[in-house]
Every structure is written in structure tokens, then in C-alpha cells.
Amino acid sequence: MKLIYTPSGAAGEYANKGYAANLFNGCLHGCSYCYVPRIKRMKPEAFAARMTPQTDVLHRLKMDLRGRKLEEPLFLCFSCDPYPPDDKLCAITRKAIEIVMESGNAVNILTKGGMRAARDFHLLEQDKRNQIGATLTFMDLRTSQKWEPGAANPRNRIKMLNTAKDFGISTWVSMEPVIKPKQTLSLIIESAPYVDLFKIGKWNHAAEAREIDWKAFYHEATGLLDELGCGYMIKRDLAIAAGVSSAECGVRSAELGSKAMRKSVGHISHKG
Ligand code: SF4
């Protein structure tokens, strides 16, 4: 069975209409908002309790990449985190990166593992196409620990972005779910110096999300990002909730790797 797949629908937009691979089953981060247990029809506790490599994961990755040049960096991962609090699993992620790079391809990593990812920056810095992203959700440590008990703390995730920039690696941030909009705005301010591109969404699949004024959040977030000169993309569901049509919505996107801004039209979608 193939490991690399082309994500469809919202996930497809999120991976830049490219390719993705999920290296593991389960996820030790145990985020209480995670959509994956629902898709896999698992109890969230069972999904968070055990994380194992996919069957023959590295061999399948190698086979899938044989003689293949992907148009976009390979997205790691949608249904797990590539940098869990387990060194043996992180070692598999490193091997996966090596396999991808040896095949002449690049990776686009999204993690809540913070500085756990820095162990592989010596690899990522070797190819400018490689990208590393952090999901930033909460500024407050206790709130983060409540919602994402196994993930790295917020400051550690921002430190990871700072360190990646020092290595010259392209960085991006996924801001979704937005459960505490004020904290999201603080995270933008704190991380802006180290981020090439922000991808901003909202909070879905929760009754409490309806109580949030998405229009106000949209304007505050985009105003702040404009003020800070940051590149950003707004997810379609946030634009819709804010009452901004995709035709009218000026989505600003920075070229990854630089702060040079260009106007673009389009939205991204996202896991979480
Ligand atoms: S949201 Fe991501 S990091 Fe959190 S448990 Fe799900 S897959 Fe893991």
C-alpha cells in the first residue's frame, strides 16, 4: 500500500495541492480538539495512548519516491505529529527526511513538537525548498497544557521557529484552531520576527466556536499582520465566517524564505 498520497479537499489546499505522508499511527500529543480520532473512528484516549510507525514506513516511503520528483515538498504529517515526545519515533522522522532528500525531493513539516524538531535542522538547512511549520494555538502555558497535554509548550515552539530562522530554513505557522483569539493575536506578535508565512483559520466542530466574533478576529488579525509586515494566508472558513468573500478578501502571502510580499488570491485549509 502506498504511503504517499495526494490529500483531497481542504487537506489538499493545506498541502499546497501537493503530496503528504503520515509516518505514524496515533499521536502522543493528545490534543483534545484533534479531528483524527473521529475520522479513524477511535476513542480519543486510545488514539493518544499509543503511537507506532506505519507498517514498513521507511521502505514504503523509499519505494513511493523511486524515480519521482514531486512538484511540492512532501507534507509531514496530517494525522500525526512527526516530533512526538519519543526519541525512537523522532529518529524515524529523521530517516524519513533523509530518504526524501536523497530522492531529490523536499519536505514541508508541521509540528507541535517545538525544539524536538531542531535535531533535524542540519538536514533541513541543506535544501532551501524544505519548510518547517509550527502550530501555535495558545500563549498561556496552562491553557496549552489543558488542550494539548503532550505537545511542546508555546514558548518552546516559538524558540523552534527562531532557531530554524537562524539555520536559514523557511518557516511558517499554522494558527488553527483559534480557540482563544486574544492569545492568537499575542502569538502573532511574539513569533512574527521568525515567521515567513502565517496561515490563519478558525475553530470548527465546537458549539463554543459560535460565540466567537470571527469578523472582529479577522480584522484584528489581518490588521496586526499588515502592521507587522508579515506574510499571511486566510483560510476559507475564517473568511466566510468573517463575511469576507474570496473575491474581496485581499490575502497577503509572503514568498517563503523572504519577507517580500506579494498579493495573492486564494485560501488555504488545514488540519486540526
Ligand atoms: S491535532 Fe495534530 S498534534 Fe494534536 S493529537 Fe491530532 S495529530 Fe497530534
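Here is a walk through the structure above, from the overall picture down to single residues.

What you're looking at is a predicted model, where local features need pLDDT of at least 70, side-chain atom pairs count only at pLDDT 80 or more, and totals for chains, interfaces and linings use all residues. Residues are numbered from 1 along each chain as its sequence is written. As for pLDDT, that's the predictor's confidence in each residue, from 0 to 100. Its mean over the protein is 90, and 87% of the residues reach 70 or more.

Of the 272 residues, 45% count as buried. Buried means that 20 or more other C-beta atoms lie within 10 Å of a residue's own, exposed means 12 or fewer, and partly exposed is in between, with C-beta atoms placed from the backbone.

Now for the inside. The largest nonpolar core holds 72 residues, and Ala21, Leu74, Leu76 and Phe198 have the most contacts within it. Such a core is a set of buried Ala, Val, Leu, Ile, Met, Phe, Trp, Tyr and Cys residues joined through C-beta atoms within 7 Å. Helix H10 gives the most to this core, with 5 residues. Take Phe198: beyond its neighbours within four places in sequence, its contacts (C-beta atoms, placed from the backbone, within 7 Å) include Val173, Ile188 and Leu225.

Ile188 leads us to helix H9, residues 181-191, where Thr184, Leu187, Ile188 and Ser191 are buried. They sit on the same side of H9 because they cover an arc of only 105 degrees around the axis, taken from the directions from the helix axis to the C-beta atoms. On the other side of H9, Lys182 and Ile189 are exposed. Among the elements covering the buried residues of H9 are helix H8 (154-166) and strand S6 (170-175).

Further along, Ala241 lies in helix H11, residues 236-241. Ala241 is buried, as 21 other C-beta atoms lie within 10 Å. Leaving aside neighbours within four places in sequence, Ala241 is in contact with Lys202 and Trp214.

Last stop, the ligand. It is surrounded by 11 residues, and the closest are Cys27, His29, Cys31, Cys34 and Asp81; a residue counts as near if its C-beta atom, placed from the backbone, lies within 6 Å.

Key: Helix = DSSP H or I, 4+ residues; strand = E, 2+ residues; numbered from the N terminus. Contact = placed C-beta atoms within 7 Å.
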